[in-house]
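Please consider the structure shown below. The paragraphs that follow lead through its domains, one of its strands, its aromatic rings and its ligand.

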Amino acid sequence: MSTIRTVDLEKTYSDNGVPVHALRGVSIEVEEGEFTVIAGPSGSGKTTLLNMIGALDTPTRGKVFLDGEDISELNRNELGELRLKKIGFVFQAYNLIPVLSALENIEFTMMLAGVPEKERHERAFAAMEKLHIAELAKKRPNEMSGGQQQRVAVARAVVNNPTIILADEPTANLDSETGADLLDMMETMNREHNITFIFSSHDPQVIDRARRLLILKDGKIAEDRR
Amino acid sequence: MLLKLAWRNIWRNSRRSILVLISAIVGLIAILLYESLSMGMIHQMLGNQIGSHVTHIQIHKNGFNDNKIIQNNIADAQEITAALDSENRIKHYSERVLSYGILSSASSASGILLAGVVPDQEAQVTIIKQSLEEGRYLSGEKHEIVIGQKLAEKLEVGLGDKVVAMASSLDGDIGSDVFRVVGIYRTFSSDFDRVHGFVALENLQEMLDFGTRISEVAILLENANASQSVASILKETLGDRYEVLPYQELLPLLVMQVDVSRQAMFVFYAIIGIAMIFGIINTMLMSVLERIQEFGVLMAVGMKNRRLFNMVLLEALLLGITGTIIGLILGYLCYLPLATNGMDLRNFSDGLGALGIGAIIYPELTPQSVVNAALIVPIFSVLGAIYPAIRAVRLNPISAIRHV
Ligand SMILES: Nc1ncnc2c1ncn2[C@@H]1O[C@H](COP(=O)(O)OP(=O)(O)OP(=O)(O)O)[C@@H](O)[C@H]1O
Ligand SMILES: [Mg+2]
């Protein structure tokens, strides 16, 4: 059974009454442990697709199955619960809560999930050690570089043991070296812990590392390469 | 953790939060001082009235309070005093004969209320003896009178001077007698001092052909709060030939003023509460709108609406509680010196004298008013945060994340 399956996914936004077809029938399957990159020109629907998979938004038509469960019909609260339990997000920037330290940011989602204080402390520390960011524990986001912030965001995504981690252009705001470090880290997580990753990116160095590449054009899958 | 988060969020824009805090603090200090002063003032007025003449409970022949004529008198005082002696919450009582009349000196005359009292008894229930400015109190001898300072001034008499009192006696004739001024007193109320003269009980009974009748028994209790319950017990024992009136019924205007002032406090609370609501709406709304992107991330990582809503309310609540703590402490610090030294209103004391208050007001802070003041700001803060919190949870996570 695939971890993720979309069936004829369509999303139509309305831009001041004018319909914008962001997705026009996307059917993909992503297996557990895949390291997938969604590429494509700007406006092709990459973010929209990630948002559907990530239960942030509901499709206009079609279905999304996560671990076999149809998530297209869930309400706002149920979607929130699902995101909390099964999905880790890394956005392009400003992922972290500014008033919390790195450690507290990582603990935050576990707190939402009801993990007891002692355990979440241990798990957050363990994740930071593994990702070599333990020295950032006490720093607030504004005391960290963009790359460090993204690493903390990955740690936060990983620590709740999600089914899948979605990263929307995680390297877009980083220089290529920092971006490469971040990718190294995510690759390691993928290889050693079999965590499923899906990226969206224009960044050639991200695309190079993809073990599966989906290319979107005008809201449709134009290419699916392994 | 949510608490920590909310607390830190408050201080992200510290200037804005401090402004809200200051408005809460100033409001609270104003509430505490206003409430304690007005309560202190009314209680002082009440205390002065009770202490100078009214006492806690009065017993008369039925109808006397509405129509203070000497025909409404108590023929058998013993029946009453026997009942009083068996009630142990009563500290002291004083038997009085009261009559309106005219007091004249060589130069002037004035209408007064003549009170015939047993000096030992009366000195136990009122402060007239302690309020003497000149001379001495009644000894019980005939032809002695103690009058108020304002009356002495009006009649242009001093210690040792003679005055003549006239009043209609029980059988309708004019009774009169000559008195020598032995003492001049001054209470907090110039009105009181202008009309009250005290003579020996038997002296007045004789002058009015009263026999052994009296007009009233004035009762001082151990504890003023028992006035109504003791009065109702006495009423039962004495039957309906007599009226037994606690001070609440004797001073209805003052007692009403306590209520009015309580209601005025609620208006005050409402004003401060509404000001607080708008301050909080403004502050929290700005703070929510500044954090749209962040709320988007919070929602994306799975923070539920209810939690987000609570977080915004919690921020307002913490702000309110902080303001309350500081406001109460500062308010109390302002109140303490006033409560011990009193607030000196000597500049206005002519007007206050007419009202029956002293020149110095001692504010009174009751636990009830502290509790009220402590609740007001946090409650209205939370109310004010509801709309901003609704705005926060109405955000769509996707557009919120894209928001810059
Ligand atoms: N909330 C929205 N309302 C209206 N139109 C939208 C909305 N979100 C996306 N769109 C439109 O849908 C289309 C796909 O957008 P999407 O953000 O998914 O593209 P993308 O591939 O992520 O682009 P980029 O590489 O620039 O991030 C675009 O034409 C975009 O303008
Ligand atoms: Mg995008």
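In chain B, the domain assignment, whose bounds come from an automatic or database source, gives domain 1 (2–49 + 254–402) and domain 2 (63–239). The C-alpha centres of these two domains of chain B lie 50 Å apart. This is a predicted model, in which local features need pLDDT of at least 70 and side-chain atom pairs count only at pLDDT 80 or more, while totals for chains, interfaces and linings use all residues. Residues are numbered from 1 along each chain as its sequence is written, chains are lettered from A and ligands numbered from 1 in the order in which they are written, and side-chain values use heavy atoms, with hydrogens and water left out.

Strand β8 of chain B covers residues 196–200; strands (E, at least two residues) are DSSP runs, numbered from the N terminus. Because five of its five residues are buried, strand β8 of chain B is largely enclosed by the rest of the structure. Here buried means under 20% relative accessible area, exposed means over 50%, and partly exposed lies in between (1.4 Å probe, protein chains only). Two strands pair if DSSP finds at least two bridges between them. Strand β3 (residues 109–117) of chain B pairs with β8(B) in the parallel sense over five bridges, and B:Ala115 stands opposite B:Phe198 there. Strand β5 (residues 144–148) of chain B pairs with β8(B) in the antiparallel sense over two bridges, with B:Gly197 as the bridge partner of B:Ile147.

The aromatic rings come next. Rings of Phe, Tyr and Trp (its six-membered ring) pair if their centres lie within 6.5 Å; planes under 30 degrees apart count as stacked, over 60 as edge-to-face and the rest as tilted. By this rule there are ten aromatic pairs over all chains. One of them, A:Phe197 with A:Phe199, is stacked, at 5.8 Å centre to centre and 10 degrees between the planes. Both A:Phe197 and A:Phe199 are buried. B:Trp7 and B:Trp11 have ring centres 5.6 Å apart and planes at 70 degrees, so this pair is edge-to-face. B:Trp7 is partly exposed, with a relative accessible area of 38%, and B:Trp11 is partly exposed, at 30%. Ring pairs also link A:Phe35, A:Phe197 and A:Phe199 into a cluster.

Ligand 1 lies between chains A and B. An oxygen atom of ligand 1 is 2.5 Å from an N or O atom in the side chain of A:Thr48. On chain B, an N or O atom in the side chain of B:Arg402 is 3.3 Å from a nitrogen atom of ligand 1.

Methods: Helix = DSSP H or I, 4+ residues; strand = E, 2+ residues; numbered from the N terminus. Near = heavy atom within 4 Å. Polar contact = N/O pair within 3.5 Å; in protein donor to acceptor, adjacent residues only side chain to side chain.
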